[in-house]
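Subject: Structure for you to look at

Hello,

Here is the structure you asked about. Please open it first, then read the notes below with it on screen.

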Amino acid sequence: MDSKKIEAVAAAKKQIVEGQLTIWSTRLSALVDAGDLRAALDTMVSPVELASNNCGCNAPCDALTSGALQGVSNPNPARG
Amino acid sequence: MVSDRLFQWSRYTRAVRDGDGSVLLHNSFMGAVARVPPETAAAYSGLLEEAMPKNREPASVSRFSADAIADLTELIRQGFIVPCNISETSLATKVLARERQSVFNAIILPHEDCNCRCVYCYETFARGRMKPLVAAGVERLIARKAADYPLVTVSWFGGEPLLAKDIIFSLSESFIAACARTGATYRSGITTNAVQLTPTVFARLLAARVDFFQITLDGDRADHDSRRKLRGGQGTFDRILTNLRGMLDTEATFSIRLRVNFDRPNLAGMNRMFERLSETVGDDSRVTLDFHPVGQWGGPNDSTLEICDAESAFDTKLSLVNEAVSRGFSADQIRDAFQPHGSVCYAGKESSVVIGSDGTLYKCTVAFEDDRNRVGQLLASGDMIIDDAKWDLWTNPGNFADGKCSSCSYAASCQSRACPLAAMNSGEPPCPLEPDEFTDLLVLAARRHNEAQPEHAA
């Protein structure tokens, strides 16, 4: 990031720290905490923790049990 | 500086009311949440109302100058409000696509059998330990991807991955070396039943740079042991707790997500589980609790499982989160839903693949027996032979730009990819959160955040 961008991001983050309206901002925090865009992406998009749910779904949507999702289940022919 | 320009709500912003008269704003592209205090919310009620529908057509939102929102100008800098003259959807879609593909994620199944037979399990255990030629292919594949991607992540999954500890240790060594050669960042986690996660194994895993552990406890001892049994029927609770204690006795840097699957019968024992966990975990911030309703996931016992119905499951989950945090446990995963990419399933990502122990390539870790999910084969050379048509079913939701997703404020969090399997089965991308669930979860997450950081408290 160029210095102007860093300055703008830091100013935006300061608003959060000072506790006005914004409670948190994942994107800004990642940028400021990491100090560079690549590290920020590591923080933001790394799916390691999310990929591990053993219902198979990383989203907090409980997709396999939600009625709205029509009760999707493992279409496993071996189990009938 | 900004006073001559016209602004409007970002299409990714959505407002919900909290009970105290304040209004919470969430922006799914920024992964940001703001709280407009009651007095200000009352003064700008008309404007805030505009941002409350989950789906909004661009023509339905008003345009205003910065001067007209003098108390809310912070929201411009924070991305909740954007200039009218930018093509926000186009810009954000490009950024999100680039971010989605900035990491290569491999979910590796070193062993597809398991030492447990959990009552709700959906796996067939038909394929066993990873063959040497497949492991050689995985090693070569990751070496190539380390040269192509700035970030490589590996999730060890199964079956029970610790049945093939030696494969995890040797492949990890190779992955770490490959990433060191190219400068790629390497991260790794494991989903394990923790039965074999003794202090010695834990230390070896840490040395192999595995620093995220998902471990499951299904309530207190009796409940857990009747659900998560060894193949011979013996309980696993005490062994898991002992291993957990061993991990937490170290000063190492790692994180544990303790997944708690709940159903109707085990809810009564949750308080006892909390008490027992308090003795083991205390206020150790390395441990986060994560609650999920048991589902009929396709296993042989589905018809006998006493699962919670969909409506009560979400409320139960929220009350368990509340109980956990009031007892001092961390349950920060509730914030995941509000991050950009936070509800995107790995199966929907172009650069994520599941590698079976026999080299079969999948996209999803639920539907191993579904032919649509058998998207290719890994060769010993490290080449992936991919069926493009099948791959496309998972990674191209098609109607991100059309249909209900095109006007949805939550689109940057789910990107129409919350569950490609459900999308295929039902013909349209599922919404990961119903409107009421979104409101309840956002209110809870914001309140929890304030309580955790008193300097931000209203």
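This is a predicted model: local features need pLDDT of at least 70, side-chain atom pairs count only at pLDDT 80 or more; totals for chains, interfaces and linings use all residues.

Start with strand β4 of chain B. Both of its faces are covered: B:Ala32, B:Ala34 and B:Val36 are buried on one side, and B:Val33 and B:Arg35 are buried on the other.

What does β4(B) pair with? On one side, strand β3 of chain B (residues 23-27) pairs with β4(B) in the antiparallel sense over five bridges. Within that pairing, B:Leu25 stands opposite B:Ala34. The two strands form a hairpin with four residues between them, and B:Gly31 in the turn has a positive phi of about 65 degrees. The other pairing crosses between chains: strand β1 of chain A (residues 22-25) is joined to β4(B) by three bridges, and the two run antiparallel. There, A:Ser25 has B:Ala32 as its bridge partner.

These strands belong to an open sheet of four, in the order β1(A)-β4(B)-β3(B)-β2(B), with antiparallel pairing. The edge strands are β1 of chain A and β2 (13-17) of chain B, each of which pairs on one side only. From one strand to the next, the twist averages 15 degrees. β2(B) and β3(B) pair over five bridges, again in the antiparallel sense. In that pair, B:Ala15 stands opposite B:Leu25, and B:Leu25 is also the residue that faces B:Ala34 in β4(B).

Chain B has another open sheet, made of three strands in the order β5-β1-β6, with antiparallel pairing. β5 (64-65) and β6 (81-83) stand at its edges with a single partner strand each, so one side of each has no neighbour in the sheet. Strand β1 of chain B (residues 6-9) is joined to β6(B) by three bridges, and these two run antiparallel. B:Trp9 stands opposite B:Ile81 in β6(B).

Next, find helix α6 of chain B, residues 165-182. This helix has 18 residues and reaches 26 Å from its first C-alpha to its last, close to the 26 Å expected at 1.5 Å a residue. Which of its residues are buried? They are B:Ile167, B:Ile168, B:Leu171, B:Ser172, B:Phe175, B:Ala178 and B:Cys179. Seen down the helix axis, the buried residues fall within an arc of 130 degrees, so they line one face of α6(B). They pack against α5 (132-148), β8 (151-156), β9 (185-191) and β10 (210-216) of chain B. On the other side of the helix, B:Asp166, B:Ala180 and B:Arg181 are exposed. After α6(B) comes B:Gly183, which has a positive phi, near 90 degrees.

Finally, a note on confidence in chain A. Its mean pLDDT is 52, and 15% of its residues reach 70 or more. In this chain, confidence is highest in β1(A), at 88, and lowest in helix α3 (residues 37-45), at a mean of 51. Over residues 43-80 of chain A the pLDDT is below 50, and this stretch has 129 contacts in the model beyond near neighbours in sequence.

Regards

How values were computed:
Residues are numbered from 1 along each chain as its sequence is written. Chains are lettered from A and ligands numbered from 1 in the order in which they are written. The expected span of a helix is 1.5 Å times one less than its number of residues. A residue is buried if 20 or more other C-beta atoms lie within 10 Å of its own, exposed if 12 or fewer, and partly exposed in between; C-beta atoms are placed from the backbone. The arc is that of the directions from the helix axis to the C-beta atoms. Two residues are in contact if their C-beta atoms, placed from the backbone, lie within 7 Å. Two strands pair if DSSP finds at least two bridges between them. pLDDT is the predictor's confidence in each residue, from 0 to 100. Axes are lines fitted to C-alpha atoms, for helices over the stretch in contact, and angles run from 0 to 180 degrees between N-to-C directions.
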